[in-house]
Amino acid sequence: MTDRGRQERLERMDELVSLCARRGFVFPSSEIYGGINGFWDYGPLGVELRNNLKALWWQRVVRERDDVEGLDSSIICHPRTWEASGHVEHFSDPMVDCRACKKRFRADQLDEAGPCSSREGSSEHDFTDPRDFNLMLETRIGASEDSASVAWLRAETCQPIFNDFRRVREVARQKLPFGIAQIGKAFRNEINPRNFIFRSREFEQAEMEFFCHPSERDKWFGHWLAERVRFHRELGLCEDRLRTRPHEEDELAHYAKQAVDVEYQFPFGWQEIEGIHDRGEWDLSRHSQYSGKDLAYTDPDTKERFIPLVIETSVGIDRTCLAVLCDAYTVEELEGGQTRCVLRLHPAVAPIKAAVLPLSKKLAEPARALYEQLRRRWNVFYDDSGNIGRRYRRQDEAGTPFCLTYDFESPDDGRVTVRERDAMSQDRVPVDGLVAWLCERLEPGA
Ligand code: ATP
């Protein structure tokens, strides 16, 4: 890409960040205190978008399958969990400091460090040697201040799944192969949180650990990779901006046999949004060893006893939100030299599914009745202020796929004008059939 092309993409990213704050998708946490680096708050539209993404993931990964069970574990686990997983010892990034500008960088991302701002006559940084920086966020539990009270906020949602493997399998009466899934917060003390919500210190993961016999690892790895790619396509992400990238041998964790990243082309480049990993026997064998509980499994038919092998799918909810927002953000030139800013979100994830817009306040009663009927099913918005063009624009920016205009003919012909966000086409649709009409169009993949 040319420098100019890159610059334009980054400018668009800045516009999107400002739209997100202005319209209440995402803004800095603790904004009144100047924000806190690496933490973000999701406002009224953002929380709906996030919830829709999570609900769709849960639907596809848990509810539609006989072989995956759900879990919601605590954020703080027994500290031995993180010793067993290797996080206490190894979960670190190499860090360097610049002696001149005093900024801190990840040693493996120095090409993105930019020039040093504080050295006269030189823009070169003066780096220290790299040293390891552990990313686990530490806390203390209980009243005592000794080392026994130290605990960690979970750095990934999968470790408690391994802790609960035996219990969940037994209560759900599952045989192998089967999986356990959860969505929840994870915390990493990232050296350099950046690129908006792409890399933050508190974020949400949706992870699924699938336990199988070692002889079936390739089959299940292929299955889950295909399922997860299908999911991202279903969100409507542009094909050209989505790709899979197998890990090189030297990128793999020492226990992993193979790993593939699902990557999205953000304005700041191709980056991972999800990882599919073959974690082998590592997790269950380590937790068996550290807890002293035998987590092996006996096949009820063959009586073979073995440590199950794990295929993991791990997606970031925040990164998926960002991918979906970047993909949707469009500024269009209209006739007459005007521009329109529109979020072309897939209707299944759009925060507001439809806006009911009475043409006049005199039509408030029947229009509100329609609004109240629809909001029993969906997040629907009611707006009777301002001219109709301006009301459409407000919904375009929020990504609302359908505006339902209740006009003076509606009480007589029982129809509303449905204005579609992307094509701006208008159609008269009977109020009686609106629920079915919307259902059809709000389906994922529709
Ligand atoms: P990266 O190399 O970008 O730091 P990772 O390989 O460490 O990511 P994993 O540990 O595999 O990431 O986590 C799985 C998913 O969790 C990632 O694909 C990403 O979507 C999300 N994720 C990880 N770290 C962060 C973060 N700091 N902020 C937001 N999302 C994150």
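Q: Which residue of β13 is the bridge partner of alanine 259?
A: The model is predicted: local features need pLDDT of at least 70, side-chain atom pairs count only at pLDDT 80 or more, and totals for chains, interfaces and linings use all residues. Residues are numbered from 1 along each chain as its sequence is written. Strand β12 (residues 259-266) pairs with β13 in the antiparallel sense, where strands are DSSP runs of E of at least two residues, helices are runs of H or I of at least four, and both are numbered from the N terminus. In β13, the partner of alanine 259 is histidine 277.

Q: Over how many bridges do β13 and β16 pair?
A: Two strands pair if DSSP finds at least two bridges between them. On one side, β12 and β13 are joined by a hairpin through two residues and pair over eight bridges. With β16, where valine 310 stands opposite glycine 280, β13 pairs in the antiparallel sense, and the number of bridges is six.

Q: Which element gives the most to the shell around the ligand?
A: Phe203, Gly275, Ser314, Gly316 and Arg319 come nearest among the 16 residues around the ligand (near: C-beta atom, placed from the backbone, within 6 Å). At least two residues of the shell come from each of β10 (202-212), β13 (269-280), β16 (309-316) and α9 (317-328). With four residues, the element that gives the most is β13.

Q: How many residues of the shell around the ligand are charged?
A: Asp, Glu, Lys and Arg count as charged; Ala, Val, Leu, Ile, Met, Phe, Trp, Tyr, Cys and Pro as nonpolar; and the others, Gly among them, as polar. The shell has three nonpolar and five polar residues. The number of charged residues is eight.

Q: Between which parts of the protein does the largest nonpolar core lie, and why?
A: A nonpolar core is a set of buried Ala, Val, Leu, Ile, Met, Phe, Trp, Tyr and Cys residues joined through C-beta atoms within 7 Å. The largest has 79 residues, and Val324, Leu325, Val356 and Leu404 have the most contacts inside it. The element α9 gives the most to this core, with eight residues.

Q: Is asparagine 379 buried, exposed or partly exposed?
A: Asparagine 379 is found in the loop between α10 (364-374) and β20 (380-382). Leaving out residues up to four places away in sequence, asparagine 379 touches Glu48, Pro351, Ile352 and Lys353, a contact being two C-beta atoms, placed from the backbone, within 7 Å. A residue is buried with 20 or more other C-beta atoms, placed from the backbone, within 10 Å of its own, exposed with 12 or fewer, and partly exposed in between. Asparagine 379 has 17, so the class is partly exposed.

Q: How many residues of strand β23 are buried?
A: Strand β22 (residues 415-420) pairs with β23 in the antiparallel sense over five bridges, and valine 418 stands opposite aspartate 427 in β23. In their hairpin, with five residues between the strands, methionine 424 takes a positive phi near 60 degrees. Strand β23 (residues 426-430) lies largely in the open, because of its five residues the number buried is zero.
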